[in-house]
Amino acid sequence: MSVFDHHAFDNHEKVAFFHDEKTGLKAIIAVHNTHLGPALGGCRMWPYANSEEALNDVLRLSKGMSYKSAMANLKLGGGKSVIIGNPREHKTDDMMRAMGEAVQSMGGKYITAEDSGISVQDLRAMAERSDYIAGTHANFRYDGAKADGNPAPSTAYGVFVGLKASVQHAMNCELEGVSVAIQGLGHVGWRLAEHLHKEGAKLYVTDIYPDNLDKARQQFGATVVEPEEILALDVDVVAPCAMGAILNDDSIANLRAKVVAGAANNQLAEERHGEVLREKGILYAPDYVINAGGVIDIYHQKTDSTADALKAHLEGIGETLVEIYQRAEQKQVATNTESNLIAEERFLNQA
Ligand code: NAD
């Protein structure tokens, strides 16, 4: 099948395939849209079963970045790259340098950063061969703490701000006493729990690994539940912070929360599930809007901005969500539908 006939092809500006025999690099870079600026998006290394799977992923993910950056008011377009292979077995510094050459050959149309299977060390190897690598260093954190290059603190703060604005919108109250169920206590989920606990929220948590659960019980007085229980709890807010596609016909039928606001990417199994949530009266914070803190962080580090400017930008996530909610209510459409429209207005009309 050609790229142009692929079901995930969406008028992508450029899709480039790279092969380097010496290092075994097999990679695809997809640039979805650059009307707002160069396409920024992470590089993912994954043992795709075949090139069709890799192409599908890179086309879908690069499109998602156009929407995320547009809604975060960044002068960036959408792009992404994938490397076919198992990062634990096949990755070498030479392969990363070859990937750097691939990125360089795009002439600045595409800037890469971290994603699954790619570390800061890998990005530094790429940067030996390319001027278009982000996420190799961090000068500051939004809260003034020492930066270690991990964007998760910014992502978690953005999700916290967005969750708070969503609760205010749906329930007309602050977070004190509001119950929140967090699915996944990883890099983002744990930090989100810290913020929520400070504001007096009542926490319910789960994870498939026990590591952070006991800690959450002790530090936050959180109630620990089984992974299969978390989405159906009788709570005010559900915050998905683990994997995607968790909002489907079955899980939505059992949801009792008034708000869904969390960090996970691609939370809706299908776009139509946004409408199913609306019909049930559940306010859904579009994932790519509320979880944009990571890309916002990378942008500020890359442009030598300041911690204060980064923090103000992250806090804008709350206002953006409220704008989406108001517009969606006026038109009686799902929040994800309205968000997609606003993003498209921004990046398609900039031509
Ligand atoms: P992470 O891997 O550190 O944390 C995910 C946690 O979810 C892990 O502790 C894992 O054990 C747990 N988990 C996995 N399956 C689960 C299940 N079935 N039930 C309960 N828990 C489960 O990842 P992260 O960096 O915290 O990211 C969380 C989500 O947010 C991901 O979907 C990621 O794509 C998205 N996201 C992250 C960032 C970022 O800056 N890290 C930015 C944007 C979006």
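In what order do the six strands of the open sheet stand? In this predicted model, the order is β8-β7-β6-β9-β10-β11. The pairing in this sheet is parallel. Its edges are held by β8 (223-224) and β11 (283-284). Each of these two has a single partner strand, so one side of each is left without a neighbour in the sheet. Within the sheet, strand β9 (residues 237-240) runs parallel to strand β10 (residues 259-260), and two bridges join them. Val238 stands opposite Val260 in β10.

An antiparallel pairing is found between strand β1 (residues 14-20) and β2. Seven bridges link these two strands. Together β1 and β2 form a hairpin, with four residues between them. Gly24 lies in the turn and has a positive phi of about 80°. Asp20 stands opposite Leu25 in β2. Both senses of pairing rest on one kind of interaction: strands of a sheet pair through backbone hydrogen bonds, either parallel or antiparallel.

The domain assignment divides the chain into two parts. Domain 1 covers 3-66 + 75-127, and domain 2 covers 152-348. Their centres, taken over C-alpha atoms, are separated by 27 Å. At the interface, eleven residues of domain 1 are in contact with seven residues of domain 2. The area buried between the two domains is about 810 Å². Carbon and sulfur atoms give 72% of this area. In domain 1, the residues that lose the most area to domain 2 are Leu36, Leu40 and Leu76. Together these three leucines account for 33% of what that side buries.

What polar pairing crosses the interface of domain 1 and domain 2? One residue pair is in polar contact there, with both residues at pLDDT 80 or more. Salt bridges across the same interface number zero. On the side of domain 1 that touches domain 2, β2 (25-33) and α1 (51-71) are the elements that give two or more residues. The largest share, three residues, comes from α1. By residue class, this side of domain 1 divides into five nonpolar, four polar and two charged residues.

Salt bridges were also counted for the model. The count comes to 21. One of the pairs is Lys80 with Asp115, whose closest N and O atoms are 2.9 Å apart. Lys80 lies in strand β4 (residues 77-84), whereas Asp115 lies in the loop between β5 (110-114) and α4 (120-127). The pair therefore ties together parts that are 35 residues apart in sequence. Side chains of opposite charge can pair when their charged atoms come close.

Note on methods
Residues numbered from 1 in each chain as written. Predicted model: local features only at pLDDT ≥ 70, side-chain atom pairs only at ≥ 80, totals over all residues. Heavy atoms only, no water. Domains from an automatic or database assignment. Contact = heavy atoms within 4.5 Å. Buried area = accessible area lost by both parts, 1.4 Å probe. Salt bridge = Lys/Arg side-chain N within 4 Å of Asp/Glu carboxyl O. Polar contact = N/O pair within 3.5 Å; in protein donor to acceptor, adjacent residues only side chain to side chain. Nonpolar A, V, L, I, M, F, W, Y, C, P; charged D, E, K, R; others polar. Pairing = 2+ DSSP bridges.
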